[in-house]
Each structure stands twice: as structure tokens, then as C-alpha cells.
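Hi everyone, thanks for coming. Please take a look at the model on the screen, and I'll walk you through a few spots.

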Amino acid sequence: MSYKRYAVYYTPSDEGFAHFGAEWLGWDIARGEPVDQPEIPDLPAPLPELTETPRPYGFHGTIKPPFRLADGKSESDLFEAFDRLCTQMPPATLDGLELAAMGRFLALVVRGDTTQLQGIAAMAVETLDSFRAPPTDAELEKRRAAGLTDRQEALLQRWGYPYVMEDFRFHMTLSSKLPKDQLDAVRAILAQRLHGQIPQPFVFDGLSLVGEAEDGHFHLIQRHTFPA
């Protein structure tokens with residue numbers, strides 16, 4: 001399969017956790033196929049509607065945001081560089097994950113100290129940056145539309161994305177942008193369904209190279225577990 005963009009994600013190694021995310025969102029990134037979503041009567045809207053935006057990306061945490069390959073770089077070059085990167089990474093043991101509202105999106109975020117994870121993300125962004133084609137004017141304007149700080153504008157110019165390095169915040173998105181009157185209800189139901197699903201402690205043990213197909217859905221290309 002050919003891909004129009006690539007990214008480095010965290011995807012769960014825990015099968016139960018990965019299955020929960022795939023079923024909730026309706027897309028299994030590891031298998032590259034849709035998943036039937038459960039019918040949940042108490043939700044304020046059908047689950048496919050509530051998860052429409054994150055569905056094509058699959059259940060993941062972004063480490064290096066999606067990018068087009070730079071001129072002169074090949075897919076095989078990227079694969080080799082990704083392999084080398086992962087051999088240099090130590091696993092990070094984090095306190096855990098918790099459900100939180102990020103604005104009007106629901107996501108899993110890290111509890112406790114994130115220093116190790118910040119280092120992993122920064123190293124991935126920097127090490128693979130030569131493979132990233134410069135963003136187009138349209139891509140830059142899309143990022144700026146959210147309203148950026150001066151520092152985020154500088155990060156956008158340097159790394160092609162404003163929420164990296166010190167502005168990076170690991171999260172695993174679980175909803176589209178929700179109406180304010182739906183946010184609390186969806187959060188309560190999702191919290192119930194997440195009970196017992198999140199590995200505790202949360203061991204960040206590997207990285208995944210993923211590709212975006214022409215239809216916009218992301219597929220797992222390879223996942224590497226960090227050396228112990």
C-alpha cells in the first residue's frame with residue numbers, strides 16, 4: 001500500500017487496551033480495517049457521530065505528527081531510520097493515564113511526571129526531521145487558525161507543527177469536538193467503560209510507524225518495542 005503521509009505514534013501493546021480503543025473509535029489501526037462500534041443507549045448521540053473526527057487516525061498518541069516525505073527521501077530510508085531510532089530508546093514507566101477534557105475533546109492524558117516521555121517525543125521529532133517535507137502555505141494557515149503563541153509559531157516554523165518539544169502534551173483522543181451540553185454525559189459514560197481497561201502503571205514501551213492511505217485512514221506499518 002502506498003501512503004501520502006507518515007507519522008510516529010504510540011499504539012498500545014496491551015491487546016485488551018488496543019481492542020477497547022479500536023472498538024470505541026470504529027477503526028483498528030493495527031489491522032487496517034473498520035470495527036463495529038457498540039450501541040450505547042445512554043449516549044447523547046450515536047457513538048459513530050461522537051467519534052467521527054478521530055476515527056481515521058485510530059487509537060493512538062501522536063509522537064511525530066503526520067508529514068509528507070521530503071524530496072530525495074524514500075520510504076525504505078524512513079523505515080531504516082525509524083528502526084535505528086527505536087534501538088536507542090529506553091522504555092518509560094509512567095504513573096498512569098486518566099480521562100480528561102482537552103477543550104471540548106475527550107482524551108486520555110498522562111498522570112504524574114512526563115519528563116521521560118517528553119524526551120522520547122523530542123528525540124523522535126528531531127531525529128526524523130530530515131524526512132519531513134516543508135508544510136504548504138495551506139497547512140501553515142490551518143495550524144495558525146487555532147491561535148498560536150509566539151513560541152508555538154516558532155515551533156511551527158522549525159518543526160512543521162506547533163505542539164512539539166516543550167509544547168508537547170501526550171494524549172490519546174477519544175472523541176470529536178463535542179457540544180458543551182454533551183461533554184459531561186459522554187465523559188461519564190466513557191469513564192465507566194474505561195474502568196479496568198487502562199494499564200496501571202502505564203509503560204510506554206515502543207513506537208509505531210504509521211501511514212495515511214489515500215482515503216485518510218491511518219495504518220500500522222511497523223511497531224518496535226524498546227530494548228529493556
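Two strands pair if DSSP finds at least two bridges between them; strands are DSSP runs of E with at least two residues, helices are runs of H or I with at least four, and both are numbered from the N terminus. What we have here is a predicted model, where local features need pLDDT of at least 70, side-chain atom pairs count only at pLDDT 80 or more, and totals for chains, interfaces and linings use all residues. Residues are numbered from 1 along each chain as its sequence is written, and side-chain values use heavy atoms, leaving out hydrogens and water.

Let's start with the sheet. Four strands make an open, antiparallel sheet in the order β4-β1-β10-β11. β4 (61–67) and β11 (218–225) are at the edges with a single partner strand each, so one side of each has no neighbour in the sheet. Further in, β1 (residues 5–10) pairs with β10 (residues 206–212) over five bridges, and Tyr-9 stands opposite Ser-208 in β10.

Now, the rings. Aromatic rings of Phe, Tyr and Trp (its six-membered ring) pair if their centres lie within 6.5 Å; planes under 30 degrees apart are stacked, over 60 edge-to-face, and the rest tilted. The whole structure has 14 such pairs. Tyr-9 and Phe-218 form a tilted one, 5.7 Å centre to centre with 40° between the planes. Since Tyr-9 is in β1 and Phe-218 in β11, the pair ties together parts 209 residues apart in sequence.
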